[in-house]
Structures are given as structure tokens and as C-alpha cells.
Amino acid sequence: MFEIREKDFYLNGKKFNIYSGTMHYFRIPCEYWEDRLLKLKAAGLNTVETYIAWNVHQPEEDKFCFDGQNDVVRFVETAQKVGLNVILRPGPYICAEWEFGGFPVWLLKYDDIRLRCYSEPYISLVKQYFDVLLPKLVPLQITYGGPVLMMQFENEYGSYGSDKKYLSFLCEIMRKNGIDVPLFTSDGESNYHLSGGSLSNEFKTVNFGSYPVDGFRDIQKYQPDKPLMCSEMWCGWFDHFYEKHHHSSNAYSKITLTKIINQFFDMNANFNFYMFHGGTNFGYMAGANYANVYQPTTTSYDYDAPLNEYGDYTYKYYIIRDLLCKKQGINPPLPDRPKTQHIGTVALTETASLAGNVKNIGSHFFDHIPHYMEHYGQNYGLILYHTEIEGNYPNTSIYADGVHDVAYVYVNHKFVGKFNRSVPLTKKQIKYGVAAKESFNFPIPAFNGKIEVDILVEGMGRINFNKGIYDRKGLRNVCIGEQYVYDFDIYTLPVDKLDKVVYDGKSQYPAYLKGHFKANSKDDCFISMEGFTKGYVFVNGINLGRYWNVGPQRALYLPGVWLKEDNEIVVLELEGCKKKFLSITDRPKFK
């Protein structure tokens, strides 16, 4: 039994401190779950914490998925097998730098939906999901002999709203579905966040970085008679494209982590390292932030964590292990380090233009006015807007607004310009609070007759934090000069329909490039994308994620468990590359 008694936690009748680390089952190949959990335990931690991502479990409104990579029950049972307790954070919103904060994309097909509040149809859809998810979690609770000590509802709600009716609804539906372990909220450390994001009768925790004494100051006043718990002690940070890779020096890590952990010990506080092992945003699952400009997250979620992206030990890991094991008088064995392999150069010998495959991989819609991809039932990938404009026009321009996120514009099949929503702001723009444009305006010469306009839009990660989460992909309006344009042929292009691509030797970009390689082992490796510009990589049909030469990530992680003796690799290069070969190495690369 797990209980909260005054200022302490009790486990099976004895005082207990939670020493926890976060790893997300949905960011780690399921074949590696046990290895990563054993390494977490070997660091002296007694608990693992994970979010539950709604979008992987209900990818379509009428489809649920809880098997294979999405078998959260198996993940929890594996944690119990290796001797760990578990804290679950089922949302429904999770943030986590994960696509759309964990929400399924199909929520956005409802034009008037209001997320994260007590509003129809949102709450009905949450109930539908929770009524399927929660009964699966009930037997995993400690009250049923399982490892789950606590569950969180919502996430950092005080950074978004203050709808107590909504928070109470989440608690009520969890209790009605048989959740009887303690429930809790997790918010920023200030009174402001705690006031909006918590309920008076539920346990509260806070999130912060390297300052436990200050981080616990407000919650000690707000909740003076309960244990201190930091649900997210940020021991690293994630990367956006265009930024430098986050990495702390060994000297800084030792000083900072030693100070933080000793402060936790001195305060008899409970804590969870976020992230203890970050993992990877495979496929389309990297999210984005918005701070006056759109900031997409990289495929790597290494996070400068104690266990790196491919599960190897870092300097931080040994610091944490030394302090925690000494505190508890334990010395658990260290599991083996992961093996990596160097495969070498791989030629991409087959090519196919995306333009020549639009009808093969796409679905066609005719629409009087353009809509975002969610309107047409598309979740991820590219969307093509084609229209014809007839008339007698002087020198003018093609304009579009609400462009999310990268657009390539063609007039009469000739490229006229590219728009990139995520170009960083200058220091002066940031100082004066300027918001980045989400529109383009490209000049075109005078014409008398008819022109064809094609606008190809790539949707990248949906915003996962704060009020920008209504982040539909594609574009909103198209104009010639100041006149709206109507009547569009629209093609939704889920670019991972690789079996539909016809390779004809054409390499007009965007283009698919295909090759093959052999692997002599199941060891992990990394695909270097130096010399390429922007796109996606697929190995044996699995989407490894996005690459982009703006950095900081230069190579994509390829788990060895996804390799075969003979392997197929496909690159969808959107803008052009300097070469038609790549290298597969034994080390990650960052700018």
C-alpha cells in the first residue's frame, strides 16, 4: 500500500522516498525497454515515471492501439519485473515536446473544438479514450499488487488555464474507472501556476530546474502539510532546429547535480529526473514550441540526459549513481553498455520525383476554398494545393496566409519561392516582441490568359505547449494580389506510402532516393545526413524521423533491432542534395 501521511510517503507501512527517473515507452523501441529500465534501477532509482501518449493509442477516432510498441501495460509490467515502482501520467494532455502535446491529430478536424477545458465535444472524446485506457491500468496499481504508486491528471495546467470544473471532471472519470491510488497535479513552482493548475483536495507537485530550495518555496506555503515532490527536475534540455545542441560539461554537471541532489536529501524531498533517458522522436512525433516564432523540435530527444539517446551511460549517470547508492547503502550491478556498428557508405541508386508520384501516394479532393490537412482527414506529411488563375493581370504576386510550416511555391511548374515558418527572429525583433510572419508574398510577372499555381506545404511538428496548440497544417487562404483565389485540386500526401512510389530515374526535387545495404549484426547505428538538405529517412519501411541541415542534429538514430541482413533505405529529400550516397556510422553527430 502507498500512502500520503502528513509530510511523508509510506510504502507498505514504512516511510519511503521516491527517487525516480523519466523514460517514455513511446520514445524507446520496445525491445529495449527492459535494458533501459535495468539501467535506471542500477543508478539507485526506485521508481520510473512515464507519460501516456493519447495519439499513439488512438491514432484514428475509431481505432485504438495497445499492442507492440504501444503496449503500455507491458512496459509497466516490465518495470515491476526489474523491481521498480511506477508513476503514470496519462494526461490527456502531456506536452513532453511530443507531437501536439500527445493529443491525436483528428481532434483538429472539429473546427470549433476547445481543448483542455470543460467543453463539448472535447470532454466527450476524453471520456471515450479514458473509458478504454483506464481499465487497462487498474490491475497495475499497487492496490492490486502492481507497481503503480500514483497517477497524474492533466499536466502543467497552471501554464495554460484555470478551469477547475475540467480538472474535477478528470479526477471523477479516473475514480469511476477504478483508479484508487493517489492522484496529483504537476505544475510550475510559483503560486501563479499552482493557483490555476491544481485542486484544493488533490496532492500537488512542482517542476523546476537546478534550484530545489527556491523551487519548493511556494508549494511549502501552499501545501505545508504534505511531502515535497518535484515531478520534473530538469537535468538536461531538448533541442530545436536552428539551435545549438544542449550538452553540459562534465565539470558543470558534477557541481550542479551534486548540489541539487544533496539539497533534495537535506529537505527530505522526493524527486523525478526529467529526462533520465530521452530517446527519440521517431516518425512524425517531434513536437514544437512557439515563442513569437515557430520552433520545431529535432528528431533526437537525447535531452543531454544521464542515459543518452541510444541508452549509453554518460558522466551525469555516474554522478547520480554515486550519490543515490551512497545515500541508500546499495551497489547494484551495471548492465552492459550498448554496442554500435559502422556499416559505411550506402549508394542511393534509384530515384523518383514526388511530382511524378502525387497520384500514386496521394488522395485527391476538390474544394472551393483551401483548408488545412486535418479537414481532409490527413495526419502528417505534405499537402499540395493546385489551382488555375485566368485573367489579364499586370505584374502582381501570389500570397498565402496561415502557412504551417514550410511551403514550396511553383507557377507554371517553375519554382518561384520557399517560405519557412521557423526562421529565427533577430535579437532586435525579440526585444520588441515581433511575431514571425505566417504568410508569403512572391512576385509573378504580368500575364494575359491562364497560369497554374502549385503550393506544396510540409507540416512539421504540431505545437505541444501553451496557447499555440491549435496548430493545423497546410494553409488558410491563397490570393493573387489582393484577390482571393477559389477552386483547388488538393492532394494529401502521406509520404510514407513507400510501396506506392514508382522509381523512374527522375530526380527533380522533392524526390525519393532508394538504396540497399547489408548489416552483419543487430547493433545500433546512425545515418549521417551531411550533404543532404531537408527530409525524411525510412529503413525497412520504418520512418526514422526528420533531418534538416540547419542543425544541430546531423545523424538519425537507427536501432539495431530494426535491421535485417538485407535492408532497404529510402530518403525523401525535399530540396536537393550534394550526393546520392550516405554513410552509416557508429556515433551520433551534432553541429
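A crossing of two helices is left-handed if the near helix is turned anticlockwise from the far one by less than a right angle, and right-handed if clockwise. The crossing of α9 and α10 is right-handed. The model is predicted: local features need pLDDT of at least 70, side-chain atom pairs count only at pLDDT 80 or more, and totals for chains, interfaces and linings use all residues. Residues are numbered from 1 along each chain as its sequence is written, and side-chain values use heavy atoms, with hydrogens and water left out.

Helices (H or I, at least four residues) and strands (E, at least two) are DSSP runs, numbered from the N terminus. Helix α9 (residues 250–266) packs on helix α10 (residues 315–328) at about 30°, with the axes 9 Å apart. Axes are lines fitted to C-alpha atoms, for helices over the stretch in contact, and angles run from 0 to 180 degrees between N-to-C directions. α9 is therefore roughly parallel to α10. Angles under 35 degrees count as roughly parallel, over 145 as roughly antiparallel, 65 to 115 as roughly perpendicular and the rest as oblique. The contact (heavy atoms within 4.5 Å) includes Leu 257, Ile 261 and Phe 265 of α9 and Ile 319, Ile 320 and Leu 323 of α10. By class, this contact of α9 with α10 has 8 nonpolar, 4 polar and 3 charged residues. Ala, Val, Leu, Ile, Met, Phe, Trp, Tyr, Cys and Pro count as nonpolar, Asp, Glu, Lys and Arg as charged, and the others, Gly among them, as polar.

Helices α4 (residues 122–137) and α5 (residues 164–176) pack at about 25°, with axes 10 Å apart. This angle makes α4 roughly parallel to α5. Their crossing is right-handed. Among the residues in contact are Phe 130 and Leu 134 of α4, and Phe 169 and Leu 170 of α5. The contact of α4 with α5 has 10 nonpolar and 2 charged residues, and no polar ones.

Helices α1 (residues 33–42) and α3 (residues 72–82) pack at about 45°, with axes 9 Å apart. That angle makes α1 oblique to α3. α1 also passes α3 in a right-handed crossing. Trp 33, Glu 34, Leu 37, Leu 38 and Lys 41 of α1 meet α3 residues including Arg 74 and Phe 75. By class, the contact of α1 with α3 has 6 nonpolar, 1 polar and 4 charged residues.

A cavity is a set of points where a 1.4 Å probe fits but cannot get out; a pocket is an open set with protein on both sides within 12 Å along at least five of seven lines; lining residues have an atom within 4 Å of a point. Grid points are joined across faces, edges and corners, and a volume is the space filled by probe spheres set on the points.

The largest pocket has a volume of about 880 Å³. Of its 27 lining residues, Val 56, Asn 70, Phe 282, Gly 283 and Met 285 are the closest to its centre. Helix α2 (54–57) and strand β28 (542–548) each give two or more residues to this lining. The lining has 16 nonpolar, 7 polar and 4 charged residues.

The second largest pocket has a volume of about 400 Å³. Strand β21 gives the most to its lining, with 3 residues.

One cavity of 30 Å³ or more is found in the whole structure. Residues lining the largest cavity include Trp 237, His 245, Asp 302 and Phe 590.
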